[in-house]
Amino acid sequence: MKGLKGKTAIVTGASSGIGQAIAIRLAQEGCNIAINYRSDSEGAQTTRAKALNQAKAAGHEIQTLIVQADVSKAEAILAMMQEVNETWGGLDILINNAGIQIETPSHEVETDAFDKVIDVNLRGSYLCAREAIQQFLQQAKSGVIINVSSVHEVIPRPQYISYSISKGGMGNMTRTLALEYAKSGIRVNAIAPGATITPINQDWVEDAEKKAAVNQHIPMGRAGTAEEMAAATAFLVSEEATYITGQTLYIDGGLTLYADFREPWSA
Ligand code: NAD
């Protein structure tokens, strides 16, 4: 993809799933990659090995950095951004991917559990964005942020109130930052995956019956892959997408298309 070779990117939560696939894809496009993880250092090492392999196969010489940081902790984010800056002297791309979900009926959610999801998904993403934007402004060159949102940015998700709130908030964070910094050459967009085959969905991904039930709800009849999310992300951060900002791109096999209307059921 145009304009990615030699760029520097941080991917949060890059030790598994969509974050891992994005890190590998951006490496394949020639980016230097900071691989953030919270506790799965082995997963981060796997990401690094695959990223280096893919970059090499594509003819790129890239650098990688593994950075441990819990994105729910402000001081950890500051240390991570500083480490990346000291290593590469700047930043071009931030991918806010780290995310968690907790299932509980909304009237029974404990305050700490609520805070935990908001702190990782929304507050953590905002704090990473704030630090990245400060860096972009200092460098006086363009920068790009992608927030990994969800179809639940717009589709309500009963039993997952903190997740729904966090992803809904992420949509407005994307649009607000995009508007505020458009004049500074900073683009901010989101991808909104539908049901995607990653560890976060382990309960149905590994159960054929449950998986078939999930697939039934998706107009295209199947869940997405982390690589499909990574391909769209690579496009949005590349110079193929220089006029796109403030958008959420739904990558969901049609899940946001009101699947119940596939067949006419009302007059
Ligand atoms: P995943 O569980 O494999 O990835 C989440 C990653 O975030 C993990 O690597 C985890 O270690 C990391 N993480 C969690 N808390 C963290 C913290 N405090 N600090 C740093 N890292 C932390 O699942 P995934 O599906 O790859 O999820 C990635 C993103 O995609 C999430 O934001 C999720 O909400 C979003 N998403 C996923 C789906 C899906 O169906 N898989 C759908 C919509 C949106």
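Predicted model: local features only at pLDDT ≥ 70, side-chain atom pairs only at ≥ 80, totals over all residues.
Residues are numbered from 1 along each chain as its sequence is written, and side-chain values use heavy atoms, with hydrogens and water left out.

**H4 against H5**

I looked up the packing next: H4 (residues 111–139) and H5 (residues 161–181) meet at an angle of about 15°, with axes 9 Å apart. That angle makes the two helices roughly parallel (under 35 degrees; over 145 is roughly antiparallel, 65 to 115 roughly perpendicular, the rest oblique). Axes here are lines fitted to C-alpha atoms over the stretch in contact, and angles run from 0 to 180 degrees between N-to-C directions. Helices are DSSP runs of H or I with at least four residues, strands runs of E with at least two, numbered from the N terminus.

Which residues make the contact? On the H4 side I noted, among them, Phe114, Ile118, Leu122 and Ile133, and on the H5 side, among them, Ile165, Lys167, Met173 and Tyr181; contact means heavy atoms within 4.5 Å. I sorted the contact residues into 14 nonpolar, five polar and one charged (nonpolar: Ala, Val, Leu, Ile, Met, Phe, Trp, Tyr, Cys and Pro; charged: Asp, Glu, Lys and Arg; polar: the others, Gly among them).

**Gln135**

Gln135 also sits in H4. Is it buried or exposed? I found 12% relative accessibility, so Gln135 counts as buried (under 20% relative accessible area; exposed is over 50%, partly exposed in between, with a 1.4 Å probe and protein chains only). Its side chain makes a polar contact with that of Asn85 at 3.0 Å (N or O atoms within 3.5 Å, one able to donate a hydrogen and the other to accept it; residues adjacent in sequence count only if both atoms are side-chain atoms).

**Ile10**

Ile10 lies in strand S1 (residues 8–11) and is buried at 0% relative accessibility. Beyond four places in sequence, I saw that Ile10 touches residues including Ala34, Met80, Val84 and Ile95.

**Two positive phi values**

Most residues other than glycine have a negative phi. I stopped at Ala140, where phi is near 55°; Ala140 is in the loop between H4 and strand S5 (143–148) and is exposed at 68%. Tyr258 has phi near 55° too, lies after strand S9 (248–251), and is exposed at 63%.
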